[in-house]
Amino acid sequence: MTHGMRTDTHTSHLDGGRDWRTTAGRYALLPLRIFLGVTFVYAGLDKLTDSAFMKAGGAGSLGDTMRAVRDSSAIPALVDLALKSPVGFGYAIALGELAVGIGILIGLLGRLAALGGALISLSLWLTVSWASSPYYYGNDLAYLMAWLPLVLAGTPYLSADAFLRDRRRRRSGGYR
């Protein structure tokens, strides 16, 4: 006996005989998927429904925002590219956010959706929030870092990717 310390503790088994730590590890990225998915769907819809945002000029417009950050961005050429067609760029960002958000929520092409989210966050960090001081006030950098685990891991559980993978395995193994 080791002074009353039990080393043989037994947790309830979840998920087919696995302990709770294994189950928690398996689904650890699910809250991140839900948060990023909902946030990006909301951001895309918010942009699409904000009449002031989808304009080349005026208070609250994407055009004015881009002109305001042009000289302080890390890549002014990227801002100049967006300023060639602020409305088109606004629609591209909004629709990209929607596609990424929906893709990561349902887990369809999860790594590709996460890569899209990371690229959107990277472009926003290098342009809009680059001048944030101190750097951690710029939330786009935090979003970029949040996307990286999903770029690496994809959406292996509770996802369309998992469903399709399991379906292919059953068909290739002769199970129908």
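Student: What pattern does the protein chain follow, read along the sequence?

Tutor: In this predicted model, the protein chain reads α-α-α-α-α-α-α-α. The secondary structure comes to 8 helices and 0 strands.

Student: How much confidence does the predictor place in the protein chain?

Tutor: The pLDDT averages 88, and 89% of the residues score at least 70. Over residues 8-15, however, the pLDDT is below 50, and beyond near neighbours in sequence this stretch has 12 contacts in the model.

Student: How many of the residues count as buried, and how much surface is accessible?

Tutor: Of the 176 residues, 32% count as buried. The accessible surface comes to about 10,900 Å², with 64% of that area belonging to carbon and sulfur atoms. As for contacts between residues at least 6 apart in sequence, 64% join residues at least 24 apart.

Student: What makes E97 and K47 a salt bridge?

Tutor: A salt bridge requires a side-chain nitrogen of Lys or Arg within 4 Å of a carboxyl oxygen of Asp or Glu. For E97 and K47 the N to O value is 3.1 Å, so the pair meets the cut-off of 4 Å. The pair links distant parts of the chain, with E97 in helix 5 (residues 86-106) and K47 in helix 2 (residues 30-49), 50 residues apart. Both E97 and K47 are buried. A search of the whole structure finds 5 salt bridges.

Student: Why is the charged end of K47 said to sit over the ring of F53?

Tutor: The charged end of K47 is 5.8 Å from the centre of the F53 ring. The distance limit is 6 Å, so the value of 5.8 Å passes. The rule also asks for a position within 35 degrees of the ring normal, and K47 is listed as sitting over the ring.

Student: Where do D80 and R70 lie?

Tutor: D80 lies in helix 4 (residues 76-84) and R70 in the loop between helix 3 (62-69) and helix 4, so the pair ties together parts that are 10 residues apart in sequence.

Student: Why is D71 called exposed while R70 and D80 are called partly exposed?

Tutor: Exposed means over 50% relative accessible area, and buried means under 20%. D71 has 69%, so D71 is exposed. R70 has 27% and D80 has 29%; both values fall between the two cut-offs, so these residues are partly exposed.

Student: What makes Y135 and Y136 an edge-to-face pair?

Tutor: The rings lie 5.6 Å apart, centre to centre, with 80° between the planes.

Student: Which residues other than glycine have a positive phi, and are they buried or exposed?

Tutor: L109 has a phi of about 55°, and phi of L158 is near 50°. L109 lies in the loop between helix 5 and helix 6, whereas L158 is in the loop between helix 7 and helix 8. Their relative accessible areas are 52% for L109 and 57% for L158. Both values are over 50%, so both residues are exposed.

Student: What kind of peptide bond joins S133 and P134?

Tutor: The bond is cis, with omega about -5°. P134 is in the loop between helix 6 (110-127) and helix 7.

Methods:
Residues are numbered from 1 along each chain as its sequence is written. Side-chain values use heavy atoms; hydrogens and water are left out. Helices (H or I, at least four residues) and strands (E, at least two) are DSSP runs, numbered from the N terminus. Buried means under 20% relative accessible area, exposed over 50%, partly exposed in between (1.4 Å probe, protein chains only). Contact means heavy atoms within 4.5 Å. Accessible areas come from the Shrake-Rupley method with a 1.4 Å probe; for residues, only the protein chains shown count as cover. Rings of Phe, Tyr and Trp (its six-membered ring) pair if their centres lie within 6.5 Å; planes under 30 degrees apart count as stacked, over 60 as edge-to-face and the rest as tilted. pLDDT is the predictor's confidence in each residue, from 0 to 100.
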